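Subject: Structure handover

Hello,

Here is the structure I said I would pass on. My notes follow below it.

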Amino acid sequence: MTNSGIFKLAIASGKGGTGKTLLSTNLADYLARKQAVLLADLDVEEPNDALFFHAENKVITPQYKMIPDWQSDRCTLCGDCTRQCKFHAVIRLGEFITVFNELCHSCYACSDLCPEQALPMKPYRMGETRHQILNGLQLIESRLDVGQEQAVPLIHATQKYICELESKPAIQILDCPPGTSCPVVAAVDGADLVLLVTEPTPFGLNDLKLAVETMRQIDKAFAVVINRQGMGDDAVENWCKSENITVAARIPYDRQLAEQYAAAKLAWCDNTALEEALEELALFIQQKQVQYA
Amino acid sequence: MREIIVLSGKGGTGKTSVTAALGVLAAGKAVIADCDVDAANMHLLMQPVVLKKEAFFSGELAEIDPEACINCGKCEEVCHFDAIHQGFEKYETQPLRCEGCGYCEVVCPTNAISMHARRSGDFFVSTARTGDPMAHARLDAGADNSGKLVAKVKEEAKKLGNQHQRDLILVDGAPGIGCPVVSSLAGANYVVLVTEPSASGLHDLKRLVEVLQKFRLQAGCIINKADLNPDQAEALRTFSIENNIDLLGEIPYDSAFTAAMIQGKTIVESDNQLKQVMNSIYISIQHKINVL
């Protein structure tokens, strides 16, 4: 394991809406009966995990990224900063230097290289992290402020927040954003195992292939969970077999489960099929924990 | 030429299926653009014939020449992305972490670091099976800058629209509210929101609508799986009315939706009931964009 006895399980998918949140919330709640669990919602653009839990005490921490703050009195308009910035975030407009916060990657180059120290870095709010403590479960959710476009810095800030926690549960479940680009790569960074949730449809298969390609490229251990099994065809199952990919669990297609999800209810306690799938997953995770230890 | 962007906030609400169905109904008049470049699916329903494929480059990537590197470690010190570490012998960059800022390049005392154009995906111009032009893309696994690839797809769709004298650009957007979504909004005339009556669906839609309001964009809402949860469906209708969002129509929770996808068809080609629903939605949208 990457971090002294802590097992980090990322729940991801290529396609959105395949059941990442359903699996993350139910699995966290299921495991929390027997052990301390941390559930982190890293889908910072659209976080949903907290809708399923009702905690009383909540700690809210604002999150900032660092961006340069132009000091007109020190600037000689030499132009080094605008030439250095590869993201066109620092632009000269007449006698002014303008910083476009949304384009800035917080690389510090313009700030550190300014001969007049005219661009000191200052914190700029990008969102917040909400920390709730329930019985046996710590729920951490980060929300990007509406209007902010970059998810990656907030995902990194959340990972740092988790690292700096005083009490760290031995199992951490990370609910990741959809897709296959930079936010997902950032979210699964540091995970011991990634569960790719998919559905047995052509869209599900197409996006699963992309997600698998991404995991292989970054050299992550992964397994697949098929949600809504029976809804579509066997192509996902067959493809996983041909690629030698483990299908760690299957959650049967069930309208009642969709209804419970719609009502933001944790469904596993009155859905036997889901409970069985979680049991199978818990066992699978346990084996992996032993393997990696 | 009008541009319609289909968005949802939450993923998996049926954006692509709805966009493709609108594409079939608008055959002969539209350009189709798939701007969900992270997980593009439109090609599965539109079965395009690719006419042009181009590599897409965006941003830069640092490369270290091991011959010139003297292992001073200055590059690692200044990198804020944890993208440079000492390898077996010399310092090495990790391409997936490098954001291409070029700070390492300027501090290297031996000029061992150079910046190179970064490939981030492929971009396609095609003909959809409806006979209409289609612009789409495929982001490389784990790549950065999907917002820029979205902008490229849209730019190309506009060119295709002018070339083929089309009335309409139909854009399938990405989930979320981040850079690929914001990038797809540039130049939009109308936004079609495809949502579902769930707590997540409503929560995510509210955040997306806040983004649209910042851009002062008019939007209409389609409730998919409308009968899944009556209370949530009612909450969606109320929210829409309160926020001046047009109620375009409701699609029932129907296995025909998935059955169509499995046949590689759109919902208007495989099921009569869904066809009627989509037809009336299409007419509402046409009315909305003509009066805009």
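How many bridges join strand 2 of chain B to strand 7 of chain B? Two bridges join them, and the strands, of which strand 7 covers residues 133-139, run parallel. I32(B) stands opposite M134(B) in strand 7 of chain B. Please keep in mind throughout that this is a predicted model.

Strand 2 of chain B

Strand 2 of chain B also pairs with strand 8 (residues 168-172) of chain B, through five bridges, and these two strands run parallel as well. In that pairing A30(B) stands opposite L168(B). Strand 2 of chain B spans residues 30-34, and five of its five residues are buried. In a regular strand the side chains alternate between the two faces of the sheet. In strand 2 of chain B, A30(B), I32(B) and D34(B) lie on one side, V31(B) and A33(B) lie on the other, and all of them are buried.

Chain B as a whole

Chain B has eleven helices and eleven strands. Its C-alpha atoms fill a box of roughly 70 × 40 × 35 Å along the principal axes. Of the 292 residues in chain B, 57% are buried. Taking the contacts in chain B between residues at least 6 apart in sequence, 76% join residues at least 24 apart.

Where the chains meet

The contact between the chains takes 48 residues from chain A and 48 residues from chain B. On the chain B side, the elements that give two or more residues are helix 4 (103-107), helix 6 (179-185), helix 7 (199-214) and helix 9 (255-262). Helix 7 of chain B provides the largest share of that side, eight residues. Sorted by class, the side of chain B that touches chain A has 19 nonpolar, 20 polar and nine charged residues.

The sheet of chain A

Chain A is divided into domain 1 (7-63 + 127-292) and domain 2 (70-119). The centres of these two domains, taken over C-alpha atoms, are separated by 39 Å.

Nine strands of chain A form an open sheet with mixed pairing, in the order 3-6-7-2-8-1-9-10-11. Strand 3 (58-68) and strand 11 (247-252) of chain A each have a single partner strand, so one side of each is left without a neighbour in the sheet. Neighbouring strands of this sheet are turned by 20° against each other on average, direction ignored.

Within the sheet, strand 2 (residues 37-41) of chain A runs parallel to strand 7 (residues 137-144) of chain A, joined by five bridges. L38(A) stands opposite Q138(A) in strand 7 of chain A.

Two helices lie against these strands. Helix 1 (residues 20-31) of chain A lies across strands including strand 1 (7-12), strand 9 (193-198) and strand 10 (222-229), and runs at about 165° to strand 8 of chain A. Helix 4 (residues 152-163) of chain A packs on the sheet, where strand 3 and strand 6 (121-134) are among the strands that helix 4 touches. The direction of helix 4 of chain A makes about 155° with that of strand 7 of chain A.

A helix pair in chain A

Helix 6 (residues 202-217) and helix 7 (residues 235-242) of chain A pack at about 25°, with their axes 9 Å apart. Angles under 35 degrees count as roughly parallel, and helix 6 and helix 7 of chain A are therefore roughly parallel to each other. G204(A), L205(A) and L208(A) in helix 6 meet A235(A), V236(A) and W239(A) in helix 7. The residues of this contact divide into five nonpolar, one polar and no charged.

Most residues other than glycine have a negative phi. S106(A) has a positive phi, near 55°, and N244(A) has a positive phi, near 60°. S106(A) is in the loop between strand 5 (96-99) and helix 3 (109-113) of chain A, and N244(A) is in the loop between helix 7 and strand 11 of chain A.

Are S106(A) and N244(A) buried or exposed? S106(A) is buried, with 23 other C-beta atoms within 10 Å, whereas N244(A) has 6 C-beta neighbours inside 10 Å and counts as exposed.

N271(A) is in the loop between helix 8 (255-262) and helix 9 (272-292) of chain A. N271(A) is buried, with 20 other C-beta atoms within 10 Å. The C-alpha atoms of N271(A) and L257(A) are separated by 7.5 Å, while the two residues are 14 residues apart along the chain.

Regards

How values were computed: Residues numbered from 1 in each chain as written. Chains lettered and ligands numbered in written order. Predicted model: local features only at pLDDT ≥ 70, side-chain atom pairs only at ≥ 80, totals over all residues. Contact = placed C-beta atoms within 7 Å. Helix = DSSP H or I, 4+ residues; strand = E, 2+ residues; numbered from the N terminus. Nonpolar A, V, L, I, M, F, W, Y, C, P; charged D, E, K, R; others polar. Buried ≥ 20, exposed ≤ 12 C-beta atoms within 10 Å, placed from the backbone. Pairing = 2+ DSSP bridges. Axes fitted to C-alpha atoms, helices over the stretch in contact; angles between N-to-C directions. Parallel < 35°, antiparallel > 145°, perpendicular 65-115°, else oblique. Domains from an automatic or database assignment.
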